[in-house]
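Student: Could you walk me through this structure, please? I'm new to it and would like to ask things as we go along.

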Amino acid sequence: MANLVVIKEQKDIARKTPIEDFPDPKIAVVLVNQQTGAANTPIVSVGDIVSIGQKIADSKQRVSAPVHSPISGKVLKIENVFNSCFGYETEAIFIENDGKKTKEKNLTPISESELAKTTNEVLLKRIHDAGIIGLGGAGFPTSVKLSLPADKKIATLIVNGAEGEPYDTADERLMIEKTKNLARGVRVVRQILGNPKVIIATKDSKVEAVPKLHEAFSQEPNTEVIAKHLTYQQGDASILQKAILDYETPPGKRSYEMGTIVQNVATINAIANAVFEGEPLISRVTTLNGDVPEPKNLLVKIGTPISDILKQNNVDLNDISSVVVGGVLMGQALQTINDPITKRTSSIIVFAKSKAKKGQPTTACIHCGRCITACPVRLHPIAIHNAVTKGDFEKAEKLWANDCIACGTCSYVCPSKITLAASVKMARK
Amino acid sequence: MSNESSNELVVNPAPHITSTMSKTRIMQYTFAALLVITIVTSILWISVSCPTDSQLDSYPTLSNVWQMPLGLILLFNALIAMGVAVGIDVLFNKVVSDSELNIWSSAVFGLIVALSYSLGVPAMAMGADPIPVANFTAPNAFLFVALIALIGQVVFKKVQGIGGRKLVNPAAAAKLLILLPMLGSMLLPSEHFASFEAGGLAMPRLAGPIAATEIIGSNGGGGFGDYLIGCFANPSSMEAGNLNSLMLFNKFHGWPGGASSLLVIIVGIALFALGYKYFKWKVTASYFVSIAIMSVLMSTIYADADLLTRLLFTLFIGSSIFLGFFMATDPATTPFSGTGQLIFGVGLGILTVLIQTYMNFFGGSILALIIMNLTVPFIDRIRIGKPFGRK
Ligand code: SF4
Ligand code: SF4
């Protein structure tokens, strides 16, 4: 992996800024579907009064995760809006905040002393009912990921604290400020998985987080904190496993088949909140960064329109060129600044018109081969791009386009500024 | 929701940032490297007049040439080749609607043409030698350089580029095409053998035993090292010079780009370091390693008196040292993958030594390059190593 491309972190200010509570929105726009897997349908109607934590969308399918109201108030309308989880419009429930903060208490907290006696069934149901999905970006329902076939033994749980995306520091702040909560979240997952070895994997550049992790996890059984130099690409679960455990998971195989489960720190934090506080996933920590007056980390309600956050943080709305959520390398550019925060919005990165560097135009491939040496899964992005441009998707598939992990490194390094990653994405099934 | 939705956002696919390395920057770096070589070589060569007074006196075929400082001829060549290449690029951009303007790439091409055009009348040149030595100096050199730049830019860069990827190195292909009619006399020193009978220097054959100063067996009329000195030493100085320093520091004949091997090595490595991972340095490395191995092999087969003479020649002849760093690494005409580049470099090295040895074409690397260029589409099809996790 000596060939992995190092990308500048751009985290200097945000990583030092403590998590700040962001006020509840006046109108929350809660997307009905934020998970990968089966689709939810709304279970409230226009005019209904909902309370904080009330389930408002759900599915009967197993591979799904319900969605809860982040505020109390009235359902104003159910309408399609742009969904940054998928890159197209889907249904959203608009809720008007009544300011009463009425809470629904349908998830009873489990005390830490009760944990050992609690069955996996109860814990997994709790994780499902709390609507927890992979918050590292994948969005896969966590309860399903943790429900393993009975004969499957997990040897290692890797807690992914690599947070490779430039600008993003939400996970890093969680590791600094919520270390104890993470430790108890890890205990839950470890128990579900039958007490595997736990590795907390993070980057050595997270200088404030590393000692906190060592301190919080030093008393935990069979647990190791590994803080090493990791590149952006090693934030991906499969590439991280290679970096930590030195094996390559064959494409198509789930990581549990290799005896490993990888959980993102934000997901672990959400699990701890759901189990010990009885809190469904209605808020998350997100980083506001890029061309903003003050880069920071915010604890924000899911469903908060991003425009609220930008206004409150004095971002000049007339000077915005683009807003990217979920990471500048893998994330999604918003269509309007009114698009809402989702469970997967790990960051909001603003690019200002006034700071935009002169764009480099896309030119013909110069055949430097850099995209090939840079691809962490050893694909030939330019060959796939050429096949896709010719409409030859069969060839693209033969070139293993489906193995792409969508890291965007190929486009990042290309001196001709060819949108290789987008082409490979088109070829993926 | 207020009126912010009217605020048009740019929506591009991920990733939303790119590295600062661009095609223009790669070309600018390369241009700077070639410019350094051009300027330093011009300075090294400025005090040598070409041809020398004594060459003019004793060389009937030089009656129509212009006597100029050798360094100045190189500078003019560089300006002419760049002017032609850039001019055509601008013209195409104006006339052909979808022709990209590539000023830097054209300037780089121009410098490569100038630096790979042999200059300097060798010290050993003798009146009866049938080599058209006038072509190694002004004004013929100016004309040929302009022609090579013209044909290279139009045929091998523009026309060849229409189908997508270029197949052969434009500078190499254009040079070979233009000088082909003079293959026997100018490119292949086999005529040097003939000149022996006519009183010229009888050059030892490479497909036979060689030594620095002695004649081994009946191979040639002098030592191979002596021949090289006669070829590359400063023609205006009475001192013959030392073979090692000549091959390494400053030759006065042949490809100006390779006049000083040390200069090329320093500038080349600096360039690769600047654009590490964007330049195909693996071609260069494997090329020189395979040349060295081939050279030692040939020395052993032919029982040379020493290994060094052949090695100094194969590694440091201007065409090899310059081509290895600046032409064999042309991205368009070399393989994509690292392993492909290694295969390419090894093939190039082997072919170069074979052509030098058995065709008597001392600048044979240029022909080897074109042959290897043609194999690139095949090399690129070989997939070495499987994607992540696949066995
Ligand atoms: S986006 Fe896909 S093809 Fe491009 S570098 Fe990443 S894994 Fe490779
Ligand atoms: S990085 Fe860009 S220019 Fe280089 S080979 Fe890949 S597509 Fe071509």
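Tutor: One term first: two residues are in contact if their C-beta atoms, placed from the backbone, lie within 7 Å. This is a predicted model, in which local features need pLDDT of at least 70 and side-chain atom pairs count only at pLDDT 80 or more, while totals for chains, interfaces and linings use all residues. Residues are numbered from 1 along each chain as its sequence is written, and chains are lettered from A and ligands numbered from 1 in the order in which they are written.

Student: OK, what is Ala170(A) in contact with, leaving aside its neighbours within four places in sequence?

Tutor: Beyond those neighbours, Ala170(A) has contacts with Ala266(A), Val285(A), Thr286(A), Thr287(A), Asn297(A), Ser346(A) and Ser347(A). Ala170(A) belongs to helix H3 of chain A, where helices (H or I, at least four residues) and strands (E, at least two) are DSSP runs, numbered from the N terminus.

Student: And is Ala170(A) buried or exposed?

Tutor: Ala170(A) is buried, because 27 other C-beta atoms lie within 10 Å. The term buried asks for 20 or more other C-beta atoms within 10 Å of the residue's own, exposed for 12 or fewer, and partly exposed is in between, with C-beta atoms placed from the backbone.

Student: Which residues of helix H5 in chain A are buried?

Tutor: In H5 (residues 209–217) of chain A, they are Ala209(A), Val210(A), Leu213(A) and Ala216(A). Seen down the axis of H5(A), these buried residues fall within an arc of 135°, so they line one face of the helix; the arc is that of the directions from the helix axis to the C-beta atoms. They pack against helix H3 (170–177), helix H4 (179–192), strand S10 (197–203) and strand S11 (223–228) of chain A.

Student: Let's zoom out: how is chain A divided into domains?

Tutor: Chain A has domain 1 (1–21 + 103–356) and domain 2 (370–427), with bounds that come from an automatic or database domain assignment. Taken over C-alpha atoms, the centres of domain 1 and domain 2 of chain A are separated by 27 Å. Between them, 11 residues of domain 1 of chain A are in contact with 12 residues of domain 2 of chain A.

Student: How many residues of chain A are in contact with chain B?

Tutor: There are 49 residues of chain A in contact with 34 residues of chain B. Strand S15 (320–325), helix H9 (370–374), helix H12 (409–413) and helix H13 (420–427) of chain A each supply at least two residues of the side that touches chain B, and S15(A) gives the most, with five residues. By class, that side of chain A has 26 nonpolar, 18 polar and five charged residues. Here Ala, Val, Leu, Ile, Met, Phe, Trp, Tyr, Cys and Pro count as nonpolar, Asp, Glu, Lys and Arg as charged, and the others, Gly among them, as polar.

Student: What about the ligands, say which residues are closest to ligand 1?

Tutor: Of the 16 residues that surround ligand 1, the closest are Cys375(A), Cys404(A), Cys407(A), Thr409(A) and Cys410(A); a residue is near a molecule if its C-beta atom, placed from the backbone, lies within 6 Å of it. H12 and H13 of chain A are the elements that give two or more residues to this shell, and H13(A) gives the most, with three residues. The shell around ligand 1 divides into 14 nonpolar, two polar and no charged residues.

Student: And which come nearest to ligand 2?

Tutor: Around ligand 2 there are 14 residues, of which Cys365(A), Cys368(A), Cys371(A), Ile382(A) and Cys414(A) come nearest. The shell around ligand 2 has 10 nonpolar, three polar and one charged residues.

Student: Switching to the backbone, where are the cis peptide bonds in chain B?

Tutor: One cis peptide bond joins Ala14(B) and Pro15(B), with omega about -5°, and another joins Ala138(B) and Pro139(B), with omega about 0°. Pro139(B) sits in the loop between helix H4 (103–115) and helix H5 (140–162) of chain B.

Student: Last one: how confident is the predictor about chain B?

Tutor: Chain B averages a pLDDT of 88, and 91% of the residues score at least 70, where pLDDT is the predictor's confidence in each residue, from 0 to 100. Over residues 1–6 of chain B, however, pLDDT stays under 50. The model scores ipTM 0.93 and pTM 0.91.
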